[in-house]
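Hi,

Here is the structure I promised to send over. Have a look at it first, then read my notes below.

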Amino acid sequence: MYDYPMGFLDLSPDRLWNMVNVNVGAATMMCHIILPQMLRRAKGAIINICSGPSTRPLPMMTVYGATKNYLDYLSVCLHEEYHSHGIVVQSLLPNCVATRRTTYSPHLETQSMFIPSAGNYAHSALNTLTLYQRTTGYWPHTVQLWMCSCLPNWVWRRTVSHVMALLRKQAEERKALGRLYTSNAAGLMRSSKTLSERLKLKPRTRTFSNPEDSGSSDGKR
């Protein structure tokens, strides 16, 4: 998964393979493992989390969008193959959902009607399982997806490229600010440690006179 919108060459090979393995390899093999059990029971449901924006070109999240598009294609085809056996393979196409993954942008981390929490989205999506095979799972996202589908390709690409560049700028600003906070915190910790070491005092030792000795001296006087 991307930390924030990034260019294709900004991603390490490990991260690229991770997205391909999770969204393509693991999802495909899991469907292959559990479908025989559902066939024996003549019922079952598979829900694959795809991506609404990935139904159209998604620059700066290229590999994520491509792998999610594959998962959507896989879900639609598997449903056609096995729905006559009582098996539903649903493709969910959410837009932005407020999670820890969206904290890089102040516009995406704030919950609203179009940016639900993960819990609210899941509750809405589960209610669509027996109704729709391919859906956003959340009606405001359906409105957004429909509006986006009406845009000509050149308008979509120009718009999404501008939005992705803006989100990347916000993420990099927060990242730089986080490094500044970390640096300042480390500096404060070093300063406080140095100060505490300088303020360390050697423990005082008190000597108490023996009362008997003082009494004997008084008696001599």
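Of the 221 residues in the protein, 30% are buried (buried means under 20% relative accessible area, exposed over 50%, partly exposed in between, with a 1.4 Å probe and protein chains only). The protein exposes about 15,100 Å², and carbon and sulfur atoms supply 61% of that (areas by the Shrake-Rupley method with a 1.4 Å probe; for residues, only the protein chains shown count as cover).

Before you go further: this is a predicted model, so local features need pLDDT of at least 70 and side-chain atom pairs count only at pLDDT 80 or more, while totals for chains, interfaces and linings use all residues. Residues are numbered from 1 along each chain as its sequence is written, and side-chain values use heavy atoms, with hydrogens and water left out.

On to the fold. The protein has seven helices and three strands, running α-β-α-β-α-α-β-α-α-α from the N terminus (DSSP runs numbered from the N terminus: helices are H or I with at least four residues, strands E with at least two). The three strands make an open sheet in the order 1-2-3 with parallel pairing (two strands pair if DSSP finds at least two bridges between them). Strand 1 (44-49) and strand 3 (134-135) are the edge strands, each pairing on one side only. Strand 2 (residues 87-92) is joined to strand 3 by two bridges, and leucine 92 has threonine 135 as its bridge partner there.

Helix 1 (residues 13-41) packs on the sheet and touches strands 1 and 2, its direction making about 160° with that of strand 1 (contact is heavy atoms within 4.5 Å; axes are lines fitted to C-alpha atoms, for helices over the stretch in contact, with angles from 0 to 180 degrees between N-to-C directions).

Threonine 67 sits in helix 2. Why does threonine 67 count as buried? Because its relative accessibility is 4%. Leaving out residues up to four places away in sequence, threonine 67 touches Met19, Val20, Asn23 and Val24.

Cheers
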